[in-house]
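Welcome, and thanks for stopping by.

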Amino acid sequence: MQAMVLRRHGGPEVLEREEVDLPDPGPREVQVRVHAVAMNHMDLWVRRGLPHLKLEYPHRLGCDIAGVVEKLGPGARAGKVGERVMVQPAISCGVCQACLSGRDNLCRGYHILGESTQGGYGELINVPDTNLLPIPDGMSFTDAAALPLCTLTAWQMVFRKAKVQPGENVLVHAAGSGVSSIAIQLVKIAGGKVIATTGTDEKAEKAKELGADHVINYSKQDFVAEVKALTNKRGVDVVLDHVGGDVFAKSVYATAWGGRIVTCGATAGPSPQIDLRHVFFRQIEILGSTMGSKGDLLAALPHIQSGAIKPVVDRVMSLWDARQAHELLEGRKAFGKIVLTV
């Protein structure tokens, strides 16, 4: 099959179009013909190189996949040839205590597609039969590809970690990202009030269209001061952050006494300087979150089918233009997802 692969770490130039071999699906595997694969910052991190990351070259990026079932492996229990599906973006062992208790994202054998195992930057991919979800009628492949990873991540942050309650004020950083664009919608489903941050007025308007009650342009305003003004100096009940760095450090000051900060990433840096006295004296909870369980995405599916959760697609490009797409994502030129079609 044709694929976009990397054989070394580096800039977008390391992505090359090659012909690679793909075996038939194994026991309880399904082969999916990829129609669309959405980009995540994970694609950039893996391309650049991560500590302790061991790849099998040529490596294919791509966590978020939508397509059509091509073949069924021996004993496959899900999927029918020709069925339109989106793919759960991670795999686990399926037999450990974490997996059997519905917390498969805590499995020691957990792998995200395109990170430590092969992903969707190609015409075909083999995945476990437990990784299939039906695409709702009327939804395009590009919209379907924009949903799995960011919905899974945001669902765990909003409902399982922060446990957002009706009427709570929630600060959502970097509204233009895939995770945050879904998190805004989930907070509204939970009955919360959204204060979002973003770096441009154009992105601020788009965040309001998604349901944000207030949007702070951090390039013009100090978000801590604005949060305090909007909450009568109290601060927010919840912060949802994947930026890290100084943004995380300042978020402590924007959080109310007894509030919660949920972090799922560190795009601006992994080592914030925080004053621990503000954490313990004001009894702020800091909660780490990575991905979510397969059950979380299933729980979100009815909201996707009803239209309460809407995919946010910035633009659609060809997979063979992946180099340019990586440059756009690195340059923060997108609001929502860049989706690559195959």
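## A tour of the model

At 36% relative accessibility, Ile286 counts as partly exposed, where buried means under 20% relative accessible area, exposed over 50%, and partly exposed in between (1.4 Å probe, protein chains only). Ile286 sits in strand 15, residues 285-288; strands here are DSSP runs of E with at least two residues, helices are runs of H or I with at least four, and both are numbered from the N terminus.

Before going further, please note that this is a predicted model, in which local features need pLDDT of at least 70, side-chain atom pairs count only at pLDDT 80 or more, and totals for chains, interfaces and linings use all residues. Residues are numbered from 1 along each chain as its sequence is written, and side-chain values use heavy atoms, with hydrogens and water left out.

**The largest pocket.** Which residues are closest to the centre of the largest pocket? The pocket has a volume of about 1,300 Å³, and of the 48 residues that line it, His41, Trp45, Ser177, His242 and Thr267 are the closest to its centre. On a 1 Å grid over the protein atoms alone, a pocket is an open set of points with protein on both sides within 12 Å along at least five of seven lines, a cavity is a set where a 1.4 Å probe fits but cannot get out, and lining residues have an atom within 4 Å of a point. Grid points are joined across faces, edges and corners, and a volume is the space filled by probe spheres set on the points.

Helix 1 provides the largest share of the pocket lining, 5 residues. Elements that each supply at least two lining residues include helix 4 (148-161), helix 5 (178-189) and strand 11 (193-198). By class, the lining divides into 20 nonpolar, 18 polar and 10 charged residues; Ala, Val, Leu, Ile, Met, Phe, Trp, Tyr, Cys and Pro count as nonpolar, Asp, Glu, Lys and Arg as charged, and the others, Gly among them, as polar.

**The cavity.** The structure holds 1 cavity of 30 Å³ or more, and about 30 Å³ of space lies in the largest cavity. Its lining has 4 nonpolar, 3 polar and 2 charged residues, including Asp104, Tyr110, Leu152 and Lys294.

**Salt bridges.** A search of the whole structure finds 19 salt bridges, each a side-chain nitrogen of Lys or Arg within 4 Å of a carboxyl oxygen of Asp or Glu. Here are three of them.

| Salt bridge | N to O distance |
|---|---|
| Asp24 and Lys71 | 2.9 Å |
| Asp104 and Lys294 | 4.0 Å |
| Lys188 and Asp213 | 2.9 Å |

Asp104 and Lys294 meet in a salt bridge that links distant parts of the chain, 190 residues apart, with Asp104 in the loop between helix 2 (97-100) and strand 7 (111-112) and Lys294 in helix 10 (residues 294-306). Asp104 is buried, with a relative accessible area of 8%, and Lys294 counts as buried at 16%. In another of the pairs, Asp24 is exposed at 52%, while Lys71 is partly exposed at 36%.

**Backbone details.** Most residues other than glycine have a negative phi, and most peptide bonds are trans. A cis peptide bond joins Tyr57 and Pro58, with omega about -5°, and Pro58 lies in the loop between helix 1 and strand 4. Arg28 has a positive phi of about 55° although it is not a glycine; Arg28 is in the loop between strand 2 and strand 3. Asn232 also has a positive phi of about 55°, and it lies in the loop between helix 7 (223-230) and strand 13 (236-241). Arg28 counts as partly exposed at 46% relative accessibility, whereas Asn232 is exposed at 70%.
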